[in-house]
2 protein chains.
Amino acid sequence: MSGILQALREQQHHMNPKEQILAQFILEHAHEAVHLSITELAGRSGTSAATVSRFCRSLLFKGYGDFRMKLSAELVQPVPAKPSYQDIVAGNTLHSIAQAIETNHLRSISDTTRQLDLTEVQRAVDALHDARRIDLYGMATSGMVAYDCQQKLVRIGKMAQHWSDSHMQITSATSLGEGDVAFAFSYSGETPETLDALLCAKERGATTISLTKFGANRISQLADIRLYASSLEEGMRRGDMASRIAQLHVVDILFTALLSLHFDDYVPLLEQSFQEVKKYRKEKGR
Amino acid sequence: MSGILQALREQQHHMNPKEQILAQFILEHAHEAVHLSITELAGRSGTSAATVSRFCRSLLFKGYGDFRMKLSAELVQPVPAKPSYQDIVAGNTLHSIAQAIETNHLRSISDTTRQLDLTEVQRAVDALHDARRIDLYGMATSGMVAYDCQQKLVRIGKMAQHWSDSHMQITSATSLGEGDVAFAFSYSGETPETLDALLCAKERGATTISLTKFGANRISQLADIRLYASSLEEGMRRGDMASRIAQLHVVDILFTALLSLHFDDYVPLLEQSFQEVKKYRKEKGR
DNA sequence: ATGAAGAAGAAAATATTTTTCATCATTTTT
DNA sequence: AAAAATGATGAAAAATATTTTCTTCTTCAT
């Protein structure tokens, strides 16, 4: 904490009564204050526009506008790196919520990248490249990651299918075989539906890949190729938010690696699918 | 380079002549520009105050003051360690790919958080809280974000529905009305199917929210509440990877804010849905 | 009690921003 | 090719926002 808010806090007790009230309001609602006009700020803080104006000038700003701009500039300074993940509880300000989530997501991506085993990534890329058919399993939030992965694979001409229905997952897994890939997504690594499907696929001879949180878990134990995404500390509520971002991050790395290693095979397909969507829209008269 | 200046650079060539001149001036003298009043800026750049005002509004700022404040906020950011987003090409090593993707995702999240207008977030949270029914529109990658948002909302007992089928989107939008919310997700902000659905919902009186890349676009123009996620530079391949992460980041902030502001309403429901899924599994014999 | 000094708001003055309106240039239609 | 329509632009008017002035009120020292 530095600059204007710090100055306010320090000088607050040497101010006139109404100015103290105003300073207090600004300290408590800084992020809101910068969006208010001088009249609104006066109203919200129980003072008058004249007082606010004098207040700003006594702090040696050129006027309210100048004060507001400099305060707003101060408020967007990036958060200093916080050592650990932030938990979220009731009654936080919007600003602290946004910061906490940012911290969690940034960390979760950094951690995941740092601990990523590139040898396993390479094996996964090769398996996906060589796969005849690719099945993607995941429930709820992880289902979304699986679906994202499917979208990417389909765009480069892969036969990839995500099933969010647990019966269909098994049905599909049953028809896999040697040369096919089954890719399981699960934050906990214990999701029974996903586990079942992966097991079934493995029994039919498919190559199995897992993307779970770090540490031992039943799904990764089952997999031939094991990828991990960062997990939040145990007991942390809403851990799946950050983990989902981390999982998508891994999917992006996988997909980009696939593209980069087989550029000539895939990039034309990707461009083509992009152009076709555009063309199709034009033809509809847009 | 990101945010406002980036948007100016990208959109400069689609502007009116005087607006191009103005954009050019701002790009060249950004640090000076934020200290000028609208009249001074008009004078220095060879345009008129009216043009500057229109310019700011056409970029979807609330007015010149808003534009100036956000630009000023952008300018005080220290130069990031890694100056720009990394593009991905053929033949990279796995390590450089992972690093590039990490850089892009980290930046994309930081940029998005910094540019987030918390007033708009608050309005969106209120709208979602009060909503009788919530429709979520988005195609392809943005469809996934919409779906993610639906999952979260449903878990706290909201009637939320994502349609990935463009006909069903319209069908559903048709039955919306006053007190309902339509939430459109689109990276480009121009996706016709999403635009149509949002328009239809708006015509029926629903409150409309948009989450698009930064800068003026047709979807956000239509929306009552406008949220933005960071965009990569024009011409960058695979821009949607980072944008999807950024959009999910915004969804997380929205949802957490919703939870935090109405803790007692929602958290019990969330815990309950979590416990019920567990219980249901136990009963199946696991 | 009285006067001086300063705090604070109402209202006036000023400045800034936005909108309206008239003009001019460009494009489209006839 | 002329006429009509559209759109861009700046001047001026209108609307807003900010600052200053002026007056009242309170406090404190005498």
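A:Gly3 is found in helix α1 (residues 3-11) of chain A. Helices here are DSSP runs of H or I with at least four residues, strands are runs of E with at least two, and both are numbered from the N terminus. This is a predicted model, where local features need pLDDT of at least 70, side-chain atom pairs count only at pLDDT 80 or more, and totals for chains, interfaces and linings use all residues. Residues are numbered from 1 along each chain as its sequence is written, chains are lettered from A and ligands numbered from 1 in the order in which they are written, and side-chain values use heavy atoms, with hydrogens and water left out.

**Chain A**

- At 42% relative accessibility, A:Gly3 counts as partly exposed. The classes use relative accessible area: buried is under 20%, exposed is over 50%, and partly exposed is in between (1.4 Å probe, protein chains only).
- A:Gly3 and A:Leu71 are 68 residues apart in sequence, yet their C-alpha atoms are 8.7 Å apart in space.
- Chain A has 14 helices and five strands.
- Of the 286 residues in chain A, 52% are buried.
- Take the contacts in chain A (heavy atoms within 4.5 Å) with a separation of 6 or more: residues 24 or more positions apart account for 66% of them.

**The sheet of chain B**

- Five strands of chain B form an open sheet with parallel pairing, in the order β2-β1-β3-β4-β5. Two strands pair if DSSP finds at least two bridges between them.
- β2 (160-163) and β5 (225-229) of chain B stand at the edges; each has a single partner strand, so one side of each is left without a neighbour in the sheet.
- Neighbouring strands of this sheet are turned by 15° against each other on average, direction ignored. Axes are lines fitted to C-alpha atoms, for helices over the stretch in contact, and angles run from 0 to 180 degrees between N-to-C directions.
- β3 (residues 181-185) and β4 (residues 207-213) of chain B pair in the parallel sense over five bridges. B:Phe183 has B:Ile209 in β4(B) as its bridge partner.
- Helix α9 (residues 140-155) of chain B lies across β1 (134-137), β2 and β3 of chain B, and runs at about 160° to β2(B).

**Positive phi in chain B**

- B:Leu60 is not a glycine, but its phi is positive, near 70°. B:Leu60 lies in the loop between α5 (49-58) and α6 (64-75) of chain B. At 14% relative accessibility, B:Leu60 counts as buried.
- B:Ala140 also has a positive phi in a residue other than glycine, near 50°. B:Ala140 is in helix α9 of chain B. At 49% relative accessibility, B:Ala140 counts as partly exposed.

**The interface of chains A and B**

- Chain B gives 62 residues to the contact and chain A gives 61 residues.
- The two chains bury about 5700 Å² between them, 64% of it on carbon and sulfur atoms. Buried area is the accessible area (1.4 Å probe) that two parts lose on being put together, summed over both.
- In chain B, B:Met69, B:Leu94 and B:Met144 lose the most area to chain A, together 11% of what that side buries.
- Four salt bridges cross the interface, each a side-chain nitrogen of Lys or Arg within 4 Å of a carboxyl oxygen of Asp or Glu.
- A:Asp252 forms a salt bridge with B:Arg244, and the closest N and O atoms are 2.3 Å apart.
- α6, α7 (94-115), α8 (118-130), α9, α11 (192-203), α13 (239-261) and α14 (263-283) of chain B each supply at least two residues of the side that touches chain A.
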